[in-house]
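Welcome! Please take a look at the sequence and the model below, and then read on for a short tour of a few of its parts.

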Amino acid sequence: MAVAKERAKIGLALAGGGPVGGIYEVGAMAALAEALDGVDFTAFDIYVGVSSGAFISAAVANGLGPATLARMLVENDTDEVFDPEMLLRPAFGEYLQRALSVPVLLWSSLRQYLSDPWHLRLVESFQGLSHAIPTGVFNNAGIDQLLSKLFSTGGRSNDFRQLKRRLLLVATDLDTGESVAFGSEGHDDVPISVAVQASAALPGLFPPVRIGERDFVDGALIKTLHASVALHEGAELVICINPLVPFDLRLAAQRSPLDPPTAAPAHLVDGGLPVVLAQTFRAIIHSRMRTGMDRYRLEFANADVVLFEPTRDDADMFFTNVFSYRGRSRLCEHAYQRTRKDLYARRHALRPILERHGISLNLGVLKDHTRSLLSHKRRPDLATSASALESSLHDLEVWLKALER
């Protein structure tokens, strides 16, 4: 029988996934926080985040627990921290900068063509105009502004060096293709809010983020999860959440009629380019993540890595419109309930792993089907509902008899 450790070094690694992924991670963490006795998500030793996972891990490392984040992200209260629409603001500065370069590029291309029109093709000569294409459609500078404000109040900090916990946010150096963990030695003087912005700068959607003399883009370009960063820091247990998995349309179609999938096309290609790209992106990053998980088991044999992610038939996760309030609220609750279900289904496998690190699985919490994440969505107790229905029927019967008399 294994001897439980009282103070294991625990890490949290959150993968990317855009607004959908971030909201799913919050719901999943809330379920884990309730069901894992001995776990305080704001008191882990190491936090690692990539892309939207960088946003969430930075908030948790700053003392914002999962339940608090759920209210701030979803309930639209006065403390709301994140509105996905902030990511859809056009990158006008990038547009202007590229537009100003067009006259010079046009003249240079024309001069090149006229210098040898018999040997140079027109398309080849004007290829230089591609330099005027913007590097990003939307502006994510709002992330820096929002987080710098959030982390400047309530005892929180926008400085890696001032945090009580180790926070590492991964981005990719555009010029070298190398991963950089902001918060590590030599990279801890960058504001946390700027590091999050860099880690979430998905090429094509957002322009690279200039830090010093280097340009950074999304950290998921190299690895999906970067749990190895926490393992190299000495974590004995790493809890990982990956919100993006490939969607299996056939598997979803086989689900019980009592649990039908969210409205989905007969074939994913019918959903157009956005759906095709989403499926392709998910397949690529999930394959890499699985390869990484296998490597962790060999390279860090004395550590435990526990992964939580949606099932492949999860149409709600794949087709959610996160830009609507209803979609955001439903997704967060969905992630919460799905993770609870996953914990209970894997209870026999997870229990010995968790107990090695002083954590116990609270089956009473998992068996309580009245639990709901969001206060205004609290599910009614079935016994109470039945009693109320019986009382109403009795009153109706008395009223009908009185009417007959």
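Helix α1 has 18 residues and reaches 26 Å from its first C-alpha to its last, close to the 26 Å expected at 1.5 Å a residue (the expected span is 1.5 Å times one less than the number of residues). Helices here are DSSP runs of H or I with at least four residues, numbered from the N terminus. This is a predicted model, in which local features need pLDDT of at least 70 and side-chain atom pairs count only at pLDDT 80 or more, while totals for chains, interfaces and linings use all residues. Residues are numbered from 1 along each chain as its sequence is written, and side-chain values use heavy atoms, with hydrogens and water left out.

**α1 with α3**
- Helix α1 (residues 18-35) packs against helix α3 (residues 66-74) at an angle of about 150°, and their axes are 8 Å apart (axes are lines fitted to C-alpha atoms over the stretch in contact, and angles run from 0 to 180 degrees between N-to-C directions).
- The two helices α1 and α3 are therefore roughly antiparallel, a term for angles over 145 degrees.
- On the α1 side, the contact is made by Ile23, Val26, Met29, Ala30 and Ala33, and on the α3 side by Pro66, Leu69, Ala70, Leu73 and Val74 (contact means heavy atoms within 4.5 Å).
- These residues of the contact of α1 with α3 divide into 10 nonpolar, no polar and no charged (Ala, Val, Leu, Ile, Met, Phe, Trp, Tyr, Cys and Pro count as nonpolar, Asp, Glu, Lys and Arg as charged, and the others, Gly among them, as polar).

**α1 with α2**
- Helix α2 (residues 52-61) packs with α1 at an angle of about 40°, with the axes 8 Å apart.
- In α1, Gly18, Gly21, Gly22, Glu25, Val26 and Met29 meet Ser52, Gly53, Ile56 and Val60 of α2.
- The residues of this contact of α1 with α2 divide into four nonpolar, five polar and one charged.

**A look at Leu231**
- Leu231 sits in helix α9 (residues 227-232) and is buried, with a relative accessible area of 5%.
- Leaving out residues up to four places away in sequence, Leu231 touches Val238, Tyr296, Phe300, Ala303 and Val305.
- Leu231 and Val305 are 74 residues apart in sequence, and their C-alpha atoms are 9.0 Å apart in space.

Key: Buried means under 20% relative accessible area, exposed over 50%, partly exposed in between (1.4 Å probe, protein chains only). Angles under 35 degrees count as roughly parallel, over 145 as roughly antiparallel, 65 to 115 as roughly perpendicular and the rest as oblique.
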